[in-house]
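Q: I am new to this structure and would like to learn how to read it. Can we take one feature at a time?

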Amino acid sequence: MKIVIAPDSFKGSLTAKEAADAMAAGVRRAMPDAEIVCVPMADGGEGTVQSLVDATGGTLLTATVTGPLGTPVDATYGLLGDGSTAVIEMAAASGIGYVDETTRDPRVTTTYGTGELIRDALDHGATSLIVGLGGSATNDGGAGMAQALGVRLLDDDGRELAPGGATLATLTHVDISGLDPRLAQTDLRLASDVTNPLTGERGASAVFGPQKGADEAMVEQLDAALRHYAQVIRQDLERDVEHVPGAGAAGGLGAGFLAFTGARMQSGISLVIEATGLETLAQDADLCLTGEGRIDAQTRYGKTPIGVAHAIKSVMSGCPVVAVAGCVGDGAYELLGDGIDAIFGILPASCTLKEALAHAEDNLERTTENVARLVASFA
């Protein structure tokens, strides 16, 4: 029997690889002769770099770049097993984890470090880039990223704009003559399930600005600045990025990529499925086991278990897909019949969150063993 094991991480306790290893150990106890294929997964958010590196036999690289507040930070990204694909989480360079209640200010935070990380990946020979757009501390429309890659953003006096979202209001001209030429030959894909436009009531500033420290007045200021930024891009580059779905991701970083590169948006889980070759690995599978820390109604919208289920069913329609989770929340069972055939919680009894996280590996291994024993009894 061939069993594909493709979980996401169990946040706060297990990486996707650690979860897959625990699940594989449980299966082996029940079915020692089974062929087991482990494919650590992610949905484009936190943990995507580690999952793809683990799944492809890649390597982690670290570069010192400019953090969102302008101070140096050490950011890690992955070079996948093919040696030519780099995977970057923008949060590693420009994430909200680098600011706190006293320092967060989307008027001044910058994505410059994300551009530096991309440049470092190109220096290491990457010809394909996957960039995860979640978890930003910024609202600069990707201006800092573009500047790090050679774009000049100039004011009335021909001076380079200072960092941050607020300064975009003074932009008068975009000069892309110095843009890193390697980008033209680079396949650049953006992992994001955000469909927000750059501006307006569903735009980057209004929807995501408050969690980055913007009050009502700041939201209006930043939204106006991004609207002006989009107008100048439209004027100088003849690209309209203001209302494109996903342009508002990561404080408008999506718009910056769409304006200055040939990047294309793709759902996070579909990107990971493609990069790991899951559908090829699932050929002739008799069972698929997936899961993550929590499964609920939101799982339907681009989370790993539903993405894995759809991928498996697309190549092996009769292959059962079983999902396991630390928490089975409201709406989880609505997923049954949408590719997922059964859902199991892994907790053996009531416990605290601390206890659940501490014993996640044992609970996951035991639950998976029981699922495998049930399957084996009908084989």
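Q: How much space lies in the largest pocket?
A: This is a predicted model. In it, the largest pocket holds about 940 Å³ of space.

Q: How many residues line the largest pocket, and which lie nearest its centre?
A: The lining has 40 residues, and those nearest the centre are K11, D43, E46, E292 and K303. Sorted by class, the lining consists of 16 nonpolar, 14 polar and ten charged residues.

Q: Which domains and elements supply the lining of the largest pocket?
A: Domain 1 (2-39 + 277-377) and domain 2 (48-268) each give at least three residues. At least two residues come from each of helix 8 (249-260), strand 11 (287-295), strand 12 (321-328) and helix 12 (353-358).

Q: In what order do the six strands of the open sheet stand?
A: The order is 3-4-5-6-9-10, with mixed pairing. Strand 3 (59-66) and strand 10 (264-266) are the edges; each has a single partner strand, so one side of each lacks a neighbour in the sheet. From one strand to the next, the twist averages 30°.

Q: How do strand 4 and strand 5 run, parallel or antiparallel?
A: Strand 4 (residues 72-79) and strand 5 (residues 85-89) run antiparallel and are joined by two bridges. G78 is opposite V87 in strand 5.

Q: Which strands does helix 8 lie across?
A: Helix 8 lies across strand 6 (128-132), strand 9 (187-191) and strand 10, at about 160° to strand 9. Helix 9 (residues 268-276) also packs on the sheet, touching strand 6, strand 9 and strand 10, and its direction makes about 135° with that of strand 9.

How values were computed: Residues are numbered from 1 along each chain as its sequence is written. This is a predicted model: local features need pLDDT of at least 70, side-chain atom pairs count only at pLDDT 80 or more; totals for chains, interfaces and linings use all residues. Side-chain values use heavy atoms; hydrogens and water are left out. On a 1 Å grid over the protein atoms alone, a cavity is a set of points where a 1.4 Å probe fits but cannot get out, and a pocket is an open set with protein on both sides within 12 Å along at least five of seven lines; lining residues have an atom within 4 Å of a point. Grid points are joined across faces, edges and corners, and a volume is the space filled by probe spheres set on the points. Helices (H or I, at least four residues) and strands (E, at least two) are DSSP runs, numbered from the N terminus. Ala, Val, Leu, Ile, Met, Phe, Trp, Tyr, Cys and Pro count as nonpolar, Asp, Glu, Lys and Arg as charged, and the others, Gly among them, as polar. Domain bounds come from an automatic or database domain assignment. Two strands pair if DSSP finds at least two bridges between them. Axes are lines fitted to C-alpha atoms, for helices over the stretch in contact, and angles run from 0 to 180 degrees between N-to-C directions. Contact means heavy atoms within 4.5 Å.
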